[in-house]
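Let's take a walk through this one together, stopping at a few spots along the way. Have the viewer open and follow along.

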Amino acid sequence: ASSREPDVNSLESPTLLHLFSHIEFIKQQMARDNVQFVRFESIDLHGVSRSKNIPSRFFHEKALHGVAMPRSYLELTLNPRDNELDYINATNFNCDIILNPDLSTFRILPWTEQTARVICDSFTVLGNPLMTSPRHIAKKQLSQLQDNGFSLQSAFTYEFCIYGITEIVNSKTISFPAATILNNHDQTFIQELIEGMYYAGANIESFSSSSGPGQMEITFHPAFGIDAADSAFTFRTGIKEVAKKYNYVASFFSESGFYNSGPLSHSLWDLNGQKNVFSTGYGVEELSDIGKNWLSGLLAHTAAISCLMAPTTSCRKPYSKYSKESKETVNAKWAYNDNSCAFNVKCHGGKGTRIENKLSSATANPYLVLAATIAAGLDGVKRRLRYDDILQEENHTADLKHSSVPLKLEDALIALEKDSCIKEALGETFIRYFVAMKHYELETEEMDSERNKCLGYFI
């Protein structure tokens, strides 16, 4: 059971018997619904789906042994000049990794004919977890929470834009907004989207128009554990596929001067998920002591985690709107029921006290947002941090203030490298790789900006 690949010779293992039973149950479901293909799906560092479609007759074999995929599909291309990073070399970058399905995520996709999908975890061919895998990093942080006697309930809210198919006007390619301020715009599309997402595992709680042209907002129903990030990942791919059926284009891309947010609303619970430990009482606008520690951890690591929350130059621009002066950083603030703050504490709505991490952009990888939020908050709980302690610590150092948000991605990357707590939590291998990848993107930003829009990255 410690290896990724099961030992088919030791059938007495309860874990292995459960695995075979689960596979047989799925095969019966596939036969009943005439599923012809299964999409083995994983997420790359940008939050984009990477998958292989497998004919259903091979599902049993691939469920046991996994599906091979080139490692570079998930880790993406780095500048060849970064060869000084000894763990990134041509041998391992171009080798295969194995996509091992999490069978609990198997779903039939309502918007695609005769196709199902299963979310996969990434492993090396020797059975070790891929250290740069965002889902592995998130699951590791959730395990750390569990070891400390807590569980996390969370839900993403996404803003995105819906456009009509591009048209040529006076030799210029223009995408016209398809959505309007009317919630009943193309009700058939919206109904198929929301119902389809529910059966695919993404439970949408609300869907509405937002402030910008063609901009819409969806909120997921809160879920425990990795399910919140899995739902967001499912939605990011699914909405593009549903939109395409109706001749629309759905985009998460943050244009210059326009912004799609992706905040993570979350609350800390006891291990059994029975008590919200952020709450001091129903309807009381106050955080518990543990809640204050958690919030202090978020503030203490804001500078470092901001580049995981807003990983492109364009999605960091809205940070500067909170400051009229020309500065390198802005202060991360918190308040009760104030949507203009980086961390908005909500005590209304019947869900108990929760903290909305509004640093996050819709372009961010949901697994990395979840992992970084847990790492920062849990550190605050472990060290019993309080806001006053953070302020005193910042007054005695000449470095960048922890509770400041760097406006430049380059400065945020430096803060991430200097934050030993976040580096240890997410893994030094991942941090070094992520920083190297972002530096390469910054170097080639101008030539890649148009290409990225067309390829589907950051959208």
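**A walk through the model**

Start at L442, which sits in helix α14, spanning residues 428-443; helices here are DSSP runs of H or I with at least four residues, strands are runs of E with at least two, and both are numbered from the N terminus. Before going further, keep in mind that this is a predicted model, where local features need pLDDT of at least 70, side-chain atom pairs count only at pLDDT 80 or more, and totals for chains, interfaces and linings use all residues. Residues are numbered from 1 along each chain as its sequence is written, and side-chain values use heavy atoms, with hydrogens and water left out.

Back to L442: leaving aside residues up to four places away in sequence, L442 touches T313, L409, E410 and L413, where contact means heavy atoms within 4.5 Å. Take L409 from that set: L409 and L442 are 33 residues apart in sequence, and their C-alpha atoms are 8.6 Å apart.

Now for a helix pair. The axes of α8 (residues 289-300) and α10 (residues 366-382) come within 6 Å and cross at roughly 125°. Axes are lines fitted to C-alpha atoms, for helices over the stretch in contact, with angles from 0 to 180 degrees between N-to-C directions. That angle makes α8 oblique to α10, since under 35 degrees counts as roughly parallel, over 145 as roughly antiparallel, 65 to 115 as roughly perpendicular, and the rest as oblique. From α8, the residues I290, N293, W294, G297 and L298 meet T373, I374, A376, G377, L378, G380 and V381 of α10. Sort the residues of this contact and you get seven nonpolar, five polar and no charged (nonpolar is Ala, Val, Leu, Ile, Met, Phe, Trp, Tyr, Cys and Pro; charged is Asp, Glu, Lys and Arg; the others, Gly among them, are polar).

Next, a strand. S265 is in β14, residues 264-270, and is buried at 16% relative accessible area (buried is under 20%, exposed over 50%, partly exposed in between, with a 1.4 Å probe and protein chains only). Beyond residues up to four places away in sequence, S265 touches Q153, S154, A155, R354, I355 and E356.

Finally, look at backbone angles. Most residues other than glycine have a negative phi. N247, in the loop between α7 (227-245) and β13 (248-251), has a positive phi near 60°, and at 52% relative accessibility N247 counts as exposed. N337, in the loop between β16 (334-336) and β17 (343-346), has a positive phi near 50° and is partly exposed at 46%.
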